[in-house]
Amino acid sequence: MLSTLTPAPLDPILSLTVAFREDQRANKMDLGIGVYKDEHGATPVMAAVKASQEQVFATQETKAYVGLVGREGFNRFMIDLVLGDSAAKERAVGLQTPGASGALRMLADLIRRATPSAKVWISNPSYVNHQPVMESAGLVVEKYDYFDPETKQVNEAAMLASLEHASAGDVVLLHGCCHNPTGADISFDAWQQLTEMALQRGFVPFVDIAYQGFGDGLEQDAAGLRYMAERVPEMLIATSCSKNFGLYRERTGAAIIVGKTLDNARLGLGRLLQLARSTYTMPPDHGAAIVETILADDQLKAQWLSELNVMQQRLRSLREGLVNAFHARDCFDFDFIAQHKGMFSHTGLTVEQIDALRDEHGIYMVGDGRINIAGLQEERLAELVDAILQVIQKA
Ligand SMILES: Cc1ncc(COP(=O)(O)O)c(C=O)c1O
């Protein structure tokens with residue numbers, strides 16, 4: 001059986017990590033894979049997570065199955081975190097999933113079941129796994145215009161124009177904040193216009209919010225999503241605790257459905273449970289237990305918020321530091337980096353320049369020109385800028 005298979009293509013981001021690990025140069029720099037790193041280049045367990053983990057360890061009495069829906073308490077907290085005090089909460093239900101990836105897949109399966117002919121519109125470019133996940137569920141993917149390579153910002157007019165082609169029943173996948181891979185987010189005004197379009201054209205918004213708290217703050221990052229959720233009849237949301245709780249390997253996330261009514265949302269949840277049953281059955285518990293314990297405890301929650309704030313501030317200050325380092329070399333072409341949000345920025349560097357950065361300087365970034373801002377270190381910003389300017393001048 002297996003000999004009938006051809007080798008699977010290498011994952012470009014994961015193979016970059018292997019190449020980085022094998023690189024023996026002491027001054028190498030990893031701006032590739034999307035995990036948060038602190039000033040020491042580490043991805044530590046957050047203190048609030050450690051404290052919560054101890055509580056879970058001390059009090060957990062069973063490892064029996066958690067049930068198809070996962071932890072009800074966790075699901076409620078996820079809905080609160082994402083929807084805040086928006087009225088949409090009254091008609092929202094949640095399913096604990098193995099990361100946002102699990103939520104994306106379960107919701108994709110749900111779309112396929114509810115509207116088999118639905119097209120899913122994703123941004124050009126989008127998170128590297130969006131298209132494969134949607135297509136694995138049997139859905140057809142279309143792309144809407146998004147990133148403007150000239151301004152390095154979102155071309156909102158072009159985005160809205162391409163979504164004029166979305167039909168009633170189609171699904172439009174949006175990034176809640178901190179767009180991956182570009183770092184360029186849509187304005188609140190665009191959220192308002194998209195809401196109007198969804199109402200008029202009858203498409204269903206599907207929001208992937210994997211970096212809440214990494215952009216402008218926990219509440220600000222969800223403002224567009226909340227505005228939309230309050231006004232559209234139906235919305236799908238995939239959310240993650242990988243980044244803002246640093247729980248990457250615990251596979252912790254949620255699928256949220258906002259329905260026309262609570263009963264309507266529950267109809268969707270019933271199908272999600274059935275889909276989960278035939279996929280992985282029950283979600284892993286540990287990460288969700290940690291998050292639920294943090295969010296149920298005022299002190300732990302305050303500690304988590306302050307740690308999240310440190311991460312957000314570090315990303316901001318690295319963005320400003322990098323732009324200033326370019327200014328110090330009289331280069332004003334990278335100012336857009338300070339306007340981007342979250343962990344990533346699309347630099348616009350060419351494949352040749354990216355290859356030269358890796359081969360000649362030991363600087364690793366994804367082939368599409370995305371850099372992970374969290375991979376930067378304050379004291380090495382000038383070194384990075386010099387390397388970038390060298391490869392640009394050479395070209
Ligand atoms: C936009 C986006 N969505 C979803 C995910 C998947 O997150 P998780 O680790 O929770 O599965 C990622 C991870 O990088 C992401 O960037």
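Let's start with the pocket lining. By class, the lining of the largest pocket holds 15 nonpolar, eight polar and five charged residues. Keep in mind that this is a predicted model.

Now the space itself. In total, 28 residues line it. Nearest its centre lie Ser101, Tyr127, Asn180, Tyr211 and Lys243.

Which helices supply at least two residues each to that lining? Helix 1, residues 12-22, and helix 4 do. Helix 4 gives the largest share of the lining, three residues.

On to the ligand. The ligand sits in this largest pocket. Around the ligand we find Gly99, Ala100, Ser101, Tyr127, Asn180 and Asp208. Ala210, Tyr211, Ser240, Ser242, Lys243 and Arg251 are also part of that surround. By class, this shell splits into four nonpolar, five polar and three charged residues. Helix 4 comes up again here. Spanning residues 99-114, helix 4 provides three residues of the shell, the largest share.

What distance separates a side-chain N or O atom of Tyr211 from a ligand oxygen? That distance is 2.6 Å. For Asn180, a polar side-chain atom is 2.8 Å from an oxygen of the ligand. Ser242 also places a polar side-chain atom 2.8 Å from a ligand oxygen. How much of the ligand does the protein bury? Taken alone, the ligand exposes 390 Å², and the protein buries 91% of that.

Tyr211 is among the residues nearest the pocket centre, and its side chain makes the 2.6 Å approach to a ligand oxygen. Asn180 is also among those nearest the centre, with its 2.8 Å approach to a ligand oxygen.

Definitions and conventions: Residues numbered from 1 in each chain as written. Predicted model: local features only at pLDDT ≥ 70, side-chain atom pairs only at ≥ 80, totals over all residues. Heavy atoms only, no water. Near = heavy atom within 4 Å. Polar contact = N/O pair within 3.5 Å; in protein donor to acceptor, adjacent residues only side chain to side chain. Areas by Shrake-Rupley, 256 points an atom, 1.4 Å probe, with all protein chains shown as cover. 1 Å grid on protein atoms, 1.4 Å probe; cavity = no way out; pocket = protein on both sides within 12 Å on 5 of 7 lines; lining within 4 Å. Sits in = over half its atoms within 2 Å of the grid points. Helix = DSSP H or I, 4+ residues; strand = E, 2+ residues; numbered from the N terminus. Nonpolar A, V, L, I, M, F, W, Y, C, P; charged D, E, K, R; others polar.
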